[in-house]
Amino acid sequence: MGTALFTVFATVACGAALAVVLSQNVVRMAFYLVISLGSTAGLFFLLNADFVGATQLLIYVGGTVVLLVFGVMLTASGPFLTIKSSPGDLVQAGVVGGLFLGLVAFTVLQVDWEANAVKLERRYGATSLERPGYNQHGEGHTTRSLGAALLGARFDKDLGRHREQPSTGYLLPFEIVSIHLLVVLIGAAYLARAKRRVSPSRDA
Amino acid sequence: MMPLLAAETISGYLSKEWELPEVWALVAAAVVHVALLGAFFGLPALVGIWAERKVAGRIQDRLGPTRVGGRFGWLQSVADGLKLIQKEDLWPTAADAMLFRVAPYIVVISSFSAFLFLPFSDTWVAISLDVGLFLALAILSLEVLGIILAGYSSGSKWSLFGGMREAAQMVSYEVPLGITAVIPVMIAGSMNLNEIGSMQSGWFWNWFVFRDPFTLLAFFVFFTVTLASNKRAPFDLAEAESELVGGFHTEYSGMRWSFFFLAEYASMYFVSALAVLLFLGGWWTGLPFIDDFFRTSDSVAMQYLGRVLGFAVLMIKASKLVFLQIWIRWSLPRLRIDQVMTTCLKYLVPISCFLFLGATAWSLFLPGRVLMGTQPGLGGRVADAALVELNESSGSEAAFVAPDAVDVAASSLTFSSKGGE
Amino acid sequence: MCGETAVKPRFTHMPLEQYIYTGTVLKWLLGLAWLLPLVGFAIEIFGGAWGKRLDPVAGGRKLRLAGYLAVFCIGTGFLLSLTALVVWKGGTGVALMPTAEAVSHGDHAAPDGGEHGSDDHAVDHGEHAGHDGSGDKPQQATEGDARGQSPAAEAHGHGEADAHQEGGGHEAHANDPYAAAFSGTYYELARFGNLRLTIDYYIDGLTVLMFCMVTLIATCIHIFAIGYMSDELTEDYEDHFVHLSGGRHFHRPGRFYRFFAFMSLFCFSMLGLVIAGNIFQVFVFWELVGICSYLLIGFYVERHSASTAANKAFIMNRVGDFGFLIGLMILWTYFGTFQFANVSPAGSPDAANGPGLFQMVRDSRGDLQVEETADEQVVMLQGSGSADDTSSPRSIPYWLLVAAGVGIFGGCIGKSAQFPLQPWLPDAMEGPTPVSALVHSATMVAAGVYLAGRFYPMFTPEVLLVIAYVGCITLFIGATIAIVATDIKRVLAYSTISQLGYMMLALGVGGWAAGIYHLITHAFFKSLMFLCSGSVIHGCHHEQEMTRMGGLYKKMPITCGAMLVGVVAISGLAFWIPLAGLTGLSGFYSKDAIVASSLAFMAGNPNHFLLFLVPLVTAGITAFYMFRLWFMTFAGQPRDQHVYDHAHESPRVMTTPLIILSVFAVGCAWFGVLENWILTSEPAHVAAGLTSAYHVLLTMPSHHAIHAMHHTAGTAALIAAVTGALLSAVFYWKGLVDPESVRKPFAGVHHFLVEKWEFDNLYDVMFVRPVHVVASWCTAFDKYVLDGILHLLSRLTVATSAWDRKFDETVVDGLVNLLGNTTYGVGRSLQVVQTGRLRQYVMFIVVGVLGLFVLLIMFFPRA
Amino acid sequence: MEGVGINGYLGVGAVLFVCGVVCMATKRNGIGVLMGVELVLNGANVNFVAFSRFGHLGLDGQVAALFVIVMAAAEAAVALAIVLSFYNNHLTVDVDRADELRG
């Protein structure tokens, strides 16, 4: 079952990503991107990361919708609808990309994950997700733990563990990210504020 | 018949009773669910369209459809559906054919799959997730994607305008929608719609809308935002018949056109049901003796009837809200797009933020005390959650009592010290 | 006589706490009177400028406040001085008012009183004023008896047998100047070991007297000046004496406030000079009054004559101050202190400081302790600068003491225009008339006399002889030039010179009291006469030539009368008034005191007969030229109708001071008050009239010697004065003899006199020309030698720098350019990589990562 | 749980990543480049979550994925603003035109 779902989602994700690369129309690219991201979210669900998946759907897809809007606004008019990229570029990029992919795949396959897992198991004990007594399986109960972790408390690490020192949470990064978002909000608004200064420089 | 009623989930029933392998059981269950939902999915459209026309007629001092089928014209929608199905499926040459054809499906799929997380009654939910509400909103927000694609791919400026307006409107109205939806989540301490619903049992003053003044206001804000988020008047800028011929669906006809309206009426019903679940006590009648009569009885059938009753209650409540939407549509004039954006960004967002802060403060400073009746607030919830996890993790060490929400971090320290012993 | 008796004079009649109390009160009274003008100065100098800015239109009315403020300051000073006088008299118990019989034959008690003047420190001003024991203190009563019968003196003298033994047979009536004196410190500026730089005060009768005199005269002159300077109150003052091109006159805003600011500053400096308790402080204020005089003479800066006069005065004063500085150095080196005298009794706050100069030089009887060492004579110093080295009494070589005295006196010469340095004073008349009256007749030039008098104990007989001759020459020169001068103010200036000469002469011949006496009286009538001349000039619209005046008594009666008073006073005339006997105006008494002391001096040492004859003759000359002035100005027929027609009497603000001053000019010398007052602070050794036989043989006349000569000298002086007056009447009033007819035969003499004895030309030849020559030499040296060297050096520098430049351009710049070019080239060659195409960059990244991976996989050791 | 192990997910991540890189490398449209970036980040996310599931990261992997998502949103906002102002100045979104700093 899981395998079937994985196959579906993986194929859709990869195919859509490929379509993004290949298609020349911005809006179609955006469409394919949405598809890819959505199926990636499906993969996340398969990985019992419900919250991440939902966030992926909401934020990424919302963000992509915005991308879409801009793409349409900026390119829907005539000559910019498709900015063709030369096939030479495509070929060369494809070659390099293929090499890269092969290399990454090679690296991935080089690693013996089971042995690693056993080694890590011996050193750190069971992963917090599979530890007995802390059930995160079925229904993927990661949401509450994630919230606690973002608030600085690590149920998943500290509950039922013999630790002198409680594990560190993510309170500070969380705050930093919030501030960062605020800054980005203001900065983007400033950058994109309407100051239409048409420069007839090299634009036909 | 009984074991079917008694079964937790359909797949469980199938695998237990008929010894199906789990995969097939799951597939079959999925099929069943989809069939149920599909059946249910058409219903609001039929009823809604008919009701809309009747209500519009009444409001405009007309009779509305009267001829088709009986004297209330209640077959009108069916007739329309038949006509639409017969129509030829065509698309303009200027259109981007692929997207033009895909767009309605996206809309329908998104608004349909939102129903997967909607509990129609106690435990009557297709997928009960920890992140149910979150996911539901996320998927619902995918609907706009289809609309933009439709508006763009039609290759007509009216459609494009409609799509753009819809995009702007949706992207900005997501914010207050999310914030107001988070308020009940914060109160309940869970995003699982089933839990949220079941938390409002008992007397009707346990409904979140009556919990404190902030939630009361939050409900109305939520309702307004949902109006906007599925382009109901007075926010229906996407299809502004008076300005843009038909908005994003100008170029559509036939079945693809009807998909949009299917989706629209379905999501109308969905957001209403969502509002009911979040604020208006879900499937509970609000009169405990009635509910308890069914729940406490030990016969499976009675409990099943109780769920049916809950289903009916939810339906009625949601229908009331749908009727309210229709009423508003035919009573209020349409806003200008800039007014729409102003309403959202300058008024609704600050208001919802304020309400969120207010509700939080209420929960923090008066934990467990509510406007009417008694109910443990957020603090109690999270404390219970921590307690639950504690008991799960370190079985007998249940002596620990999580004092309050703000102490969760500190409580983790306590865990460790306990573990140290 | 051991040290500390000299250091700490006994106050037999003043308990300690009373001393401290009185001293403190005096200190603060006079200090306030001293500092008030400074405050006034500050306010005026700033407020004036600001007042101008406040409203340029009505600035005048605003600035008149400056005058009022100055008058207020100095007037308050006068009142404070009067209070100080009362306090001082009450505190010290000196009696200024002689009894009736004292006036008649008080001085005949002197000789027999002399036989048994057994007490060295007795406060016996009663001796001369005939005040015998009717003082307000029992001790003084006993003194009086003691002078009466000697056994009584043994019975209850002031105890101290040895003093009695020493005093026996010694014929001295040593006055104790410290008895009525208060000394102390306002503020200590710095202390180097034993050497202290302090702001001291030394208050005795002389100080109080000077304070009263200065403040009184200054008040009158300020009031007068408000009227006199009133034409400065405009915003556009036209100076008729400055001729610009095109026959126009110079226009400038009025300087009313500035004038009064300078006057206030001058008053402050003058009072500081008087109250100063050490010679250094005196020097400071000495320079300060010099500055004020400079500023005030050059008040009309735009006038070339004024600026030159100011410079002249300043430079000549510097010449004198050079000597002053030398004296200061000597004193500092050998005495280690600048303080005049430290009279604080044991227990008073300032007693700790060592003895002052006077107490070191003179012993308690007022004698110099001269000892013969191997090669030279040294003066043993009484006491010591500090408490520790009492064991080894210090000494100063005699000739150095003389040198110090001459140096200090050099300062006096410069300041009060004595013989070699007199020419600056007549030119100083360029300043406004009130300035001439206050600064250049009454106070500042008198400061020289004051200092000589104050420093009297430091002067050895040789110095005194120098002083006497200088004064003698000066008075003759001044008088003779005054005969031919026609500018009314210059006549007064020359008379001032000669009168100052009189004072110096008196000091030189041992008539200390006479000199100071004349200083005071002269201050009054000379300021009076200057103010009168100022009134005349004001009335005649700045006409100063007497040859164009005449008959003004009808136009300005008050001025005329006041001037007459002044003239009579200065020429020392006296009248027979039935009740009071022979009564004269103030000048009469002071002048015949001088003549008497000089006569006594001549009697003491006949070879110095000139010191008597010249003053006697000059007394006549004085009368002559003063009456000449008066006749030419007021009597007779108007010589210039135009001037006469426009002449008018001055406003009341100017005439009132005249009246006040004339009252003082008439009566300040009556009843012997002034005399006794002065005598309280007479140095110890003067009364005795010592016989000094150090290098030159001099016999200083004692008091009773002077008194013996009194009548003779008075008669002779009176006769001379009357003669002079009659002569001038003959010449200039009745016109019986035409001055021209007399001038003809003596044309050479006349010219010589008109040329002021060729002094200016002489100095021109002696100093100015040589200086010019030397200056031209220096210029040449500069131009040819120094500049040559400099040019050579500069050329060298240029040459080297040229080489340096080559080096820079070739080597240094070469290196730097090399570096720069290489960098540039590398950048050039690398710039193709920066294509500005995002996508190529991405490709670069990917390829780079690929390369890294390959390297890693190839070279990473397999685990 | 049966099914694919970590390798499958890593493979998907790698494909997404490479697709994003190639997209960045080929698209002349600025927005296309942005989409490439999104793809790259997405591939990274897949890896994170996969490690959190199979590897030893636990929740940390998911938290990292969350942060990546948020950062991606922020990055998209800023990049879009940049593209917009670029469009305002050049009337195009062709990144090849953005070569004024070409060496």
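This is a walk through a predicted model, chain by chain and element by element.

Residues are numbered from 1 along each chain as its sequence is written, while chains are lettered from A and ligands numbered from 1 in the order in which they are written. Because the model is predicted, local features need pLDDT of at least 70 and side-chain atom pairs count only at pLDDT 80 or more, whereas totals for chains, interfaces and linings use all residues.

Let us begin with chain C. Its 33 helices and eleven strands are DSSP runs numbered from the N terminus (helices are H or I with at least four residues, strands are E with at least two). Of its 863 residues, 51% count as buried, meaning that 20 or more other C-beta atoms, placed from the backbone, lie within 10 Å of the residue's own; 12 or fewer make a residue exposed, and anything in between is partly exposed. For contacts, the C-beta atoms of two residues, placed from the backbone, must lie within 7 Å. Among the contacts in chain C with a separation of 6 or more, 77% link residues 24 or more positions apart.

How confident is the predictor here? The mean pLDDT (confidence in each residue, from 0 to 100) of chain C is 81, and 85% of its residues reach 70 or more. Residues 100-173 of chain C stay under 50, and the model has 113 contacts for them beyond four places in sequence. Residues 385-391 of chain C are also below 50, with ten contacts beyond near neighbours in sequence.

Now for the strands of chain C, where pairing requires that DSSP finds at least two bridges. Strand S3 (residues 237-243) and strand S4 (residues 249-252) of chain C run antiparallel and are joined by four bridges, with C:Glu238 opposite C:His251. Five residues separate these strands in a hairpin, and C:Gly246 in the turn has a positive phi of about 80 degrees.

Further along, three strands of chain C form an open antiparallel sheet in the order S5-S6-S7. S5 (369-372) and S7 (395-397) are its edge strands, each pairing on one side only. Four bridges connect S5(C) with S6 (residues 377-380) of chain C, and C:Gln369 has C:Met380 as its bridge partner. Helix H15 (residues 398-415) of chain C lies across S5, S6 and S7, at about 75 degrees to S7(C).

For a helix pair, look at H18 (residues 444-454) and H20 (residues 488-508) of chain C, whose axes come within 10 Å and cross at roughly 0 degrees. Axes are lines fitted to C-alpha atoms, for helices over the stretch in contact, and angles run from 0 to 180 degrees between N-to-C directions. H18(C) and H20(C) are therefore roughly parallel, a label for angles under 35 degrees; over 145 is roughly antiparallel, 65 to 115 roughly perpendicular and the rest oblique. Residues making this contact include C:Val449 of H18(C) and C:Leu500 of H20(C).

Finally, turn to the other chains. In chain B, B:Leu90 sits in the loop between helix H4 (76-86) and helix H5 (97-113), and is exposed because 11 other C-beta atoms lie within 10 Å. Between chains A and D, 75 residues of chain A are in contact with 67 residues of chain D. Helix H3 of chain A gives the most to chain A's side, with twelve residues.

How values were computed
pLDDT is the predictor's confidence in each residue, from 0 to 100.
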